[in-house]
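Colleague: I would like to go through this model feature by feature. Please give the general idea each time, then the case at hand.

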Amino acid sequence: LDRSSAASDVYKRQVADLERETYALIFVDPPFKQFDSSEETDQVFRRIADILQAGALSARGTLLLRHPSTWTGRPACEPARVRVYGESTVLYYERA
């Protein structure tokens, strides 16, 4: 199984499809250039909200969103944790 394609499949699925399956881990790694534009950044966070609201995470599941550490915006969805790893920042979202 190619893990990167599995992760991108979840990101690209329709909300109705996400309601049928649950995942223990979803890793979202959009191109860093998407964080150069507020419109594209808003699209990323709208998609994160869709995934979370669809119930795609299992009972103790986690969604990780990686973005450039140089991005200084405020996440539209409040993460449970934030970790900075050099040029990357990872936002941790957990099922509510």
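Modeller: We start with burial: buried means under 20% relative accessible area, exposed over 50%, and partly exposed in between, with a 1.4 Å probe and protein chains only. Phe-35 has 6% relative accessibility and therefore counts as buried. The model is predicted, so local features need pLDDT of at least 70 and side-chain atom pairs count only at pLDDT 80 or more, while totals for chains, interfaces and linings use all residues. Residues are numbered from 1 along each chain as its sequence is written, and side-chain values use heavy atoms, with hydrogens and water left out.

Colleague: What percentage of the residues of the protein chain count as buried?

Modeller: Of its 96 residues, 36% do.

Colleague: How many helices and strands does the protein chain have?

Modeller: Helices (H or I, at least four residues) and strands (E, at least two) are DSSP runs, numbered from the N terminus. Here there are three helices and four strands, and along the sequence they follow the pattern α-α-β-α-β-β-β.

Colleague: What is the order of the strands in the sheet?

Modeller: Two strands pair if DSSP finds at least two bridges between them. The four strands form an open sheet with the order β1-β2-β4-β3 and mixed pairing. β1 and β3 (81-85) are at the edges with a single partner strand each, so one side of each has no neighbour in the sheet. From one strand to the next, the twist averages 15 degrees.

Colleague: Which strand pairs run parallel or antiparallel, and over how many bridges?

Modeller: β1 (residues 23-28) and β2 run parallel and are joined by five bridges. In that pair, Ile-26 is opposite Leu-63, and Val-28 has Leu-65 as its bridge partner. β2 and β4 are antiparallel over seven bridges, with Pro-68 opposite Ser-88 in β4. β3 and β4 (residues 88-94) are also antiparallel, with five bridges; Arg-81 stands opposite Tyr-92 in β4.

Colleague: How does the chain cross from β1 to β2, and what is the hand of the crossover?

Modeller: A crossover is right-handed if, with the strands pointing away from the viewer, the path from the first strand over the helix to the second runs clockwise. The chain goes from β1 through helix α3 (residues 38-53) to β2, and this β-α-β crossover is right-handed.

Colleague: Which strands does α3 touch?

Modeller: Contact means heavy atoms within 4.5 Å. Axes are lines fitted to C-alpha atoms, for helices over the stretch in contact, and angles run from 0 to 180 degrees between N-to-C directions. α3 packs on the sheet and touches β1, β2 and β4, and its direction makes about 175 degrees with that of β2.

Colleague: Which residues of α3 are buried?

Modeller: An α-helix has 3.6 residues a turn, so residues three or four places apart point the same way. In α3 the buried residues are Thr-41, Val-44, Phe-45, Arg-47, Ile-48, Ala-49 and Ile-51. Thr-41 has 5% relative accessibility, so this residue counts as buried. Leaving out residues up to four places away in sequence, Thr-41 touches Gln-34, Phe-35 and Trp-71. After α3 comes Gly-55, whose phi is positive, near 75 degrees.

Colleague: Is β2 mostly covered or mostly uncovered?

Modeller: β2 is mostly covered, with nine of its twelve residues buried. His-67 lies in this strand (residues 57-68) and counts as buried because its relative accessibility is 4%. Apart from residues up to four places away in sequence, His-67 touches Phe-32, Phe-35, Glu-87, Ser-88, Thr-89 and Leu-91.

Colleague: How many aromatic pairs does a search of the whole structure find?

Modeller: Rings of Phe, Tyr and Trp (its six-membered ring) pair if their centres lie within 6.5 Å; planes under 30 degrees apart count as stacked, over 60 as edge-to-face and the rest as tilted. The search finds two pairs. Phe-35 and Trp-71 form an edge-to-face pair, 5.4 Å centre to centre with 65 degrees between the planes. Phe-35 is in the loop between β1 and α3 and Trp-71 in the loop between β2 and β3, so the pair ties together parts 36 residues apart in sequence. Trp-71 counts as buried because its relative accessibility is 15%. Ring pairs link Phe-35, Phe-45 and Trp-71 into a cluster.
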